[in-house]
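Please look over the sequence and the model before reading on.

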Amino acid sequence: MCGIVGIVGHSPVAPLLVEALKRLEYRGYDSAGIATVEHGELARRRAEGKLVNLQRKLDGEPLGGLIGIGHTRWATHGVPNETNAHPHFSDGVAIVHNGIIENFAELREELKKDGYSFTSQTDTEVVAHLVGRELAAGVPPVEAAHRALKRLEGAFALAIMFRGDEDLIVGARNGPPLAVGHGKGEMFLGSDAIALAPFTNSITYLEDGDWVVVRRNEFAIFDMEGNPVKRKRQQSLGTSFMVDKGNHRHFMEKEIHEQPEVIAHTLAHYLDFANGTSRPLDLPFDFAKLDRLTISACGTAYLAGLVSKYWFERLAKLPVDVDIASEFRYREVPLSTKSAAFFVSQSGETADTLASLRYCKAAGVPIGSIVNVRESTIARESDVTLPTLAGPEIGVASTKAFTCQLSVLASLAVRAAAARGAISSEEERAMVRSLSEAPRYAAQVLKLDGQIEKVARELAHYKHVLYLGRDTNYPLAMEGALKLKEISYIHAEGYAAGELKHGPIALIDEQMPVIVIAPHDRIFEKTVSNMQEVAARGGKIILITDTKGAARATVDTMETIVLPDMPEIIAPIVYALPIQLLAYYTAVFMGTDVDQPRNLAKSVTVE
Ligand code: F6R
């Protein structure tokens with residue numbers, strides 16, 4: 001992960017680097033640092049922890065210079081302290097890096113034998129010394145960088161700057177994203193267009209294996225053999241504003257509350273509410289001719305895919321394989337020639353999801369991606385991009401992106417069902433009508449936040465929580481547990497309610513609340529039986545259900561959160577909100593860093 005930036009500018013560069021890093025903090029926030037060249041000399045400031053610590057340091061010890069590089073870190077090699085913070089120096093060179101150098105151990109040994117000593121535990125420092133060694137041998141900077149790059153294995157986005165040259169940064173990409181930003185008499189490098197948005201929206205994305213020489217008034221991109229390559233310059237879309245929290249305490253709270261609106265936007269993109277039909281899509285395959293759909297994603301996006309399995313199979317009679325991308329990519333899955341593959345990702349940069357996409361692409365399978373960042377690598381490498389219209393999601397815990405992913409997938413399932421003749425046009429109209437009601441129900445559920453806050457106050461006293469659900473509520477139970485553990489650090493597990501008796505029931509006691517997601521659906525009675533099993537063993541139940549379910553659940557609960565009765569197809573979208581609020585308020589009571597929980601980053605570009 002990590003975010004990197006480079007600026008060859010015409011005004012003091014340090015504040016500009018910090019501005020760009022603020023926009024990249026979602027990629028990691030363990031430590032941050034910048035380096036500049038002033039009067040020919042390299043200098044740097046680095047600080048452990050959030051960017052604000054670096055800012056404080058720079059207030060006390062400012063850095064001059066018109067050229068610089070910056071970094072915000074998500075630690076892979078070495079603890080997140082100042083010594084391991086980037087930029088890393090060797091004699092005459094400064095480097096920032098996002099990714100993992102896989103052959104760093106052997107390179108380190110080789111460099112040690114050559115007399116180089118290491119001040120950090122990072123893999124990045126080897127790159128600095130590799131370039132430094134070439135410089136020391138009299139190789140000019142650009143060639144020195146190129147020679148070093150050819151020695152690297154693994155994933156990297158790099159920005160390299162040199163002592164004595166105030167008009168040169170070398171960038172390179174193999175895996176994690178890197179973009180060149182074009183200004184007037186100034187040039188930029190950044191992990192994404194968002195970082196560069198205050199300076200320019202004219203962007204050229206590097207492709208894997210590219211490296212670039214950036215100067216104030218020119219740039220040139222090469223492949224690893226040193227041949228010049230051409231990449232398209234494009235205008236980046238709508239990222240120039242810095243999103244703020246509005247009246248909310250945290251981005252996560254704001255993003256939860258934005259859901260009625262962004263779900264409505266997303267659904268309207270795919271569904272024609274007036275005619276009661278799903279909109280035609282320019283897909284690289286025909287749903288009617290598919291024998292299988294493969295969905296691959298990570299974390300919350302994977303769970304959105306898992307919910308959609310129920311929709312595609314039930315409504316469209318289309319078999320679906322859903323995989324965690326880090327498993328899928330190495331499993332050597334045989335793929336049918338009559339299949340299509342969907343990849344779900346908020347950031348569009350998740351390394352494992354991207355690798356899975358490339359695996360399917362190499363097998364000739366048509367690719368669709370459900371992404372929130374439309375200019376991301378996953379979007380660019382797909383045959384068709386099916387955007388979620390969630391807007392920028394800043395809170396590390398995904399909320400509105402998840403419900404927008406569900407909205408896209410539900411719309412696609414209806415489209416597939418109609419295309420495959422699995423539903424009549426009357427049924428399609430009814431489903432579209434039901435989906436159009438999701439934003440209204442989501443808004444109603446947000447009004448329950450007083451009650452949910454009260455439940456969360458109680459939940460914050462426990463160390464373990466179990467989430468249970470059946471059918472689409474099973475992936476939702478896993479999502480509830482994921483949300484809770486990632487921001488409140490309470491240990492939580494999500495299980496299929498029917499699986500309880502096969503092991504997890506042994507955990508039940510009064511110290512472990514059990515949250516059951518059970519709208520009054522086709523298998524409600526089965527879930528009630530599972531709740532009885534919990535209650536019989538002294539388990540404390542928090543039931544999230546609807547009016548009908550509350551009236552029919554014959555179990556004593558610690559609390560029942562009652563949602564309005566709603567059509568079955570929208571329940572997974574709407575029931576996501578109470579579990580998000582529950583995690584949010586619990587984390588607030590626990591006093592954790594809600595928007596930037598420990599050890600995490602928003603965009604996971606390492607495997
Ligand atoms: C959890 C969360 C993560 C992401 C996962 C995939 O709240 O946000 O589990 O869903 O890292 O990220 P994307 O969607 O960017 O591919």
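This is a predicted model: local features need pLDDT of at least 70, side-chain atom pairs count only at pLDDT 80 or more; totals for chains, interfaces and linings use all residues.

## The antiparallel sheet

Eight strands make up an open sheet with antiparallel pairing, and their order is β3-β2-β4-β1-β10-β9-β11-β14. The edges are held by β3 (41-48) and β14 (233-235); each has a single partner strand, so one side of each is left without a neighbour in the sheet. From one strand to the next, the twist averages 20°.

Within this sheet, strand β9 (residues 179-182) and strand β11 (residues 202-205) run antiparallel and are joined by three bridges. Gly181 has Ile203 in β11 standing opposite.

## Helices on the antiparallel sheet

## The parallel sheet

A further open sheet has five strands in the order β23-β22-β24-β25-β26, with parallel pairing. Here β23 (491-496) and β26 (559-563) are the edge strands, and because each has a single partner strand, one side of each is left without a neighbour in the sheet. Neighbouring strands are turned against each other by 15° on average, direction ignored.

Strand β22 (residues 464-469) runs parallel to β23, and six bridges join the two. Tyr467 stands opposite Gly494 in β23.

## Helices on the parallel sheet

Helix α18 (residues 524-536) lies across β22, β24 (514-517) and β25 (541-546), and runs at about 165° to β25. Helix α20 (residues 571-590) lies across β22, β24, β25 and β26. The angle of α20 to β25 is about 150°.

## The second largest pocket

The second largest pocket holds about 550 Å³ of space. Its lining has 26 residues, of which Cys298, Gly299, Ala601, Lys602 and Val604 are the closest to the centre. By class, the lining comprises 11 nonpolar, 11 polar and four charged residues.

Where does the second largest pocket lie? Residues of its lining come from both domain 2 (245-436) and domain 3 (447-589), so the pocket lies between these domains. At least two lining residues are supplied by each of α9 (299-316), β19 (339-345), α11 (351-362) and α17 (473-488).

Terms used: Residues are numbered from 1 along each chain as its sequence is written. Side-chain values use heavy atoms; hydrogens and water are left out. Two strands pair if DSSP finds at least two bridges between them. Helices (H or I, at least four residues) and strands (E, at least two) are DSSP runs, numbered from the N terminus. Axes are lines fitted to C-alpha atoms, for helices over the stretch in contact, and angles run from 0 to 180 degrees between N-to-C directions. On a 1 Å grid over the protein atoms alone, a cavity is a set of points where a 1.4 Å probe fits but cannot get out, and a pocket is an open set with protein on both sides within 12 Å along at least five of seven lines; lining residues have an atom within 4 Å of a point. Grid points are joined across faces, edges and corners, and a volume is the space filled by probe spheres set on the points. Ala, Val, Leu, Ile, Met, Phe, Trp, Tyr, Cys and Pro count as nonpolar, Asp, Glu, Lys and Arg as charged, and the others, Gly among them, as polar. Domain bounds come from an automatic or database domain assignment. Contact means heavy atoms within 4.5 Å.
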